[in-house]
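Please look over the sequence and the three-dimensional picture below, and then work through the exercises in order. Each task is followed by a solution that goes step by step.

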Amino acid sequence: MKLYESPSPNARRVHIFMAEKGLECERIEVDIRAAENLSTEYLAKNPGGRVPMLELQDGTCIGESVAICRYMESLQPEAPLFGMPGVEAAKVEMWQRRAEMNFFLEVAGAFRNITGFFKDRETCVAEWGRVCAERAPKMLSMFDEQLERTPYLAGDNFSIADITLVVALDFARMVKVVEVPDLPSIERWYGDVSARSSFAAS
Ligand SMILES: N[C@@H](CCC(=O)N[C@@H](CS)C(=O)NCC(=O)O)C(=O)O
């Protein structure tokens, strides 16, 4: 299998997930600055036109980082990073979606609209970017309160929800368009999670 990717937060989520699972595959660099992800050839494989994308030996292409991670989980079910079926899996899904939709997407919206990084291919509205930048940090108190009660976002076990939130926080700090407040439980959890060897590998 081949992972089409570029240095980007979503590819990083997949790298960390694969490192947790001890999985490796061929990696193919896609230059998103040069819009290689929008070429006819790439779009035929991944109509979303984003990275990462996984191509299997039989030609099946899987877009969306979380879908790629689900496939990786099927290859190596241990340790279950999507949770055990039932309540645990439901909690992982809940926190994964909150980390992605309530924080990561706000950071991405701020980055894309304020910096105009992809202005060659989309309309950027700086004012909208500022709204996203204002909303993102406010979302963090929900995660902080949860982490006051549990070691990891979804409970007692490390999961894909933790990967998404750490990657989104690191991205927010790197691109500097969103102010990330110091919150005590997030700080404790961030230290624990980011010390895992899978985070260094990516
Ligand atoms: N929901 C997708 C988002 C992927 C995404 O936005 N990737 C960015 C890099 S982090 C990208 O391909 N940007 C290129 C572009 O927007 O043209 C996922 O989870 O994989």
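**Exercise 1.** In which loop is the place of Glu-64, and is Glu-64 buried or exposed, or something in between?

Solution. Before starting, note that this is a predicted model, in which local features need pLDDT of at least 70, side-chain atom pairs count only at pLDDT 80 or more, and totals for chains, interfaces and linings use all residues. Residues are numbered from 1 along each chain as its sequence is written. Glu-64 is placed in the loop between β4 (61-63) and α3, where helices (H or I, at least four residues) and strands (E, at least two) are DSSP runs, numbered from the N terminus. For the second part, a residue is buried if 20 or more other C-beta atoms, placed from the backbone, lie within 10 Å of its own, exposed if 12 or fewer, and partly exposed in between. Glu-64 has 15 other C-beta atoms within 10 Å and is therefore partly exposed. Most residues other than glycine have a negative phi, and most peptide bonds are trans.

**Exercise 2.** Find another residue with a positive phi, and the peptide bonds that are described as cis.

Solution. Lys-176 has a positive phi of about 60° although it is not a glycine, and this residue lies in the loop between α6 (160-175) and α7 (184-194). Lys-176 counts as exposed because it has 11 C-beta neighbours inside 10 Å. Turning to the peptide bonds, a cis bond joins Val-51 and Pro-52, with omega about 5°, and Pro-52 is found in the loop between α2 (40-45) and β3. The bond from Glu-78 to Ala-79 is cis as well, with omega near -15°, and Ala-79 lies in the loop between α3 (65-75) and α4 (87-115).

**Exercise 3.** How many helices and strands does the protein chain have, and with which strands does β1 pair?

Solution. The protein chain has eight helices and four strands, and along the sequence they follow the pattern β-α-β-α-β-β-α-α-α-α-α-α. Two strands pair if DSSP finds at least two bridges between them. Strand β1 (residues 2-5) pairs with strand β2 (residues 26-29) in the parallel sense over four bridges, and β1 pairs with strand β3 (residues 53-55) in the antiparallel sense over three bridges. Lys-2 has Glu-26 as its bridge partner in β2 and Glu-55 as its bridge partner in β3, while the partner of Leu-3 in β2 is Arg-27. Finally, β1, helix α1 (residues 9-21) and β2 make a right-handed β-α-β unit, where right-handed is said if, with the strands pointing away from the viewer, the path from the first strand over the helix to the second runs clockwise.

**Exercise 4.** Which residues are around the ligand, and how do they divide by class?

Solution. A residue is near a molecule if its C-beta atom, placed from the backbone, lies within 6 Å of it. The residues around the ligand are Ser-8, Pro-9, Asn-10, Ile-32, Asn-37, Arg-50, Val-51, Pro-52, Glu-64, Ser-65, Phe-118 and Arg-121. By class, this shell has five nonpolar, four polar and three charged residues; Ala, Val, Leu, Ile, Met, Phe, Trp, Tyr, Cys and Pro count as nonpolar, Asp, Glu, Lys and Arg as charged, and the others, Gly among them, as polar. Both Val-51 and Pro-52 of the cis peptide bond are among the residues around the ligand.

**Exercise 5.** Where is Ala-126 found, and which residues does Ala-126 touch?

Solution. Ala-126 is found in helix α5 (residues 126-149), and it counts as exposed because it has 11 C-beta neighbours inside 10 Å. Not counting residues up to four places away in sequence, Ala-126 touches Asn-113 and Ile-114, a contact being two C-beta atoms, placed from the backbone, that lie within 7 Å. Ala-126 and Ala-89 are 37 residues apart in sequence and 38 Å apart in space, C-alpha to C-alpha. Arg-149 also lies in helix α5, and with 8 other C-beta atoms within 10 Å it is exposed.
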